[in-house]
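Welcome! Here is a short tour of a protein chain, from its strands to its cores and pockets.

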Amino acid sequence: GNILWMEDTLGGAAQMTPSGDYVAAVCFGTITANDGYYLYNQTGDTEWYYDASTIYPRRASVEISDDANSIIASGYKTFSFFNKTGALLWDYETLWETSCVEITADGQYIAGATANETWDEGYLYYWNRAGDLLWSWHNEARINEITISEDGRYLAVSAYNGFFFFDLEEPTITGPDDFSYESGQSEHNIMWDVYDATPYWY
């Protein structure tokens, strides 16, 4: 294929809307621009730029909703949520570095993960579009990736200790209460202290 446009950068992350009309990106060490979060249109024009130089977006990820009206970006210890015009609607600071983010196709729910101080455990957070933390989950190993189904009902987590598959509707998510699990090496069962979200298997 032909290269239509490019941005000179030493690293970052990018995600595109299904239509290809918009690209959300995290850029750092750029030749022509500053460290930060960007929204580009299909022709490569910058729709908006958010200075993230104080956030240190070098360990960064970004996701965008189908209509480009919801964008979640992470850098160092901060999750930042923007609308299509570049307005920062909310941010969420964590104790440890972020590892990945995900958003539902309609932009109504957002998931993000962090590691602990030594990068050998993981924490999963789940917000609504208003920035309310609906629930959080502690895993005994680092979380590498999160993905949410097209209809927003299922969430899958890839971690160093396995894959976890959540049903986000049954039972009802009630709040950000702390809960834990115990896993049997042969049975692969999970027992929950608080039933905020139910994993089917891992």
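## Strands and overall picture

Helices (H or I, at least four residues) and strands (E, at least two) are DSSP runs, numbered from the N terminus. Aspartate 167, for instance, lies in strand β15. The chain as a whole has 18 strands and zero helices.

Please keep in mind that this is a predicted model, where local features need pLDDT of at least 70, side-chain atom pairs count only at pLDDT 80 or more, and totals for chains, interfaces and linings use all residues. Residues are numbered from 1 along each chain as its sequence is written, and side-chain values use heavy atoms, with hydrogens and water left out.

## Buried residues

Buried means under 20% relative accessible area, exposed over 50%, and partly exposed in between (1.4 Å probe, protein chains only). Of the 202 residues of the chain, 47% count as buried.

## Two nonpolar cores

A nonpolar core is a set of buried Ala, Val, Leu, Ile, Met, Phe, Trp, Tyr and Cys residues joined through side-chain atoms within 4.5 Å. The largest one has 16 residues, and Leu124, Trp137 and Phe166 are among those with the most contacts inside it. Strands β10 (109-115), β11 (122-128), β12 (133-139), β13 (143-148), β14 (154-159) and β15 (162-167) each supply at least two residues of this core. A second, separate core of 14 residues includes Val26, Ala68, Ala73 and Phe82.

## The largest pocket

On a 1 Å grid over the protein atoms alone, a pocket is an open set of points where a 1.4 Å probe fits, with protein on both sides within 12 Å along at least five of seven lines; lining residues have an atom within 4 Å of a point. Grid points are joined across faces, edges and corners, and a volume is the space filled by probe spheres set on the points.

The largest pocket has a volume of about 200 Å³. Of the 14 residues that line this pocket, the closest to its centre are Ile64, Asp66, Glu102, Ile103 and Ala105. Strands β1 (11-16), β5 (60-64) and β9 (98-103) each supply at least two residues of the lining.
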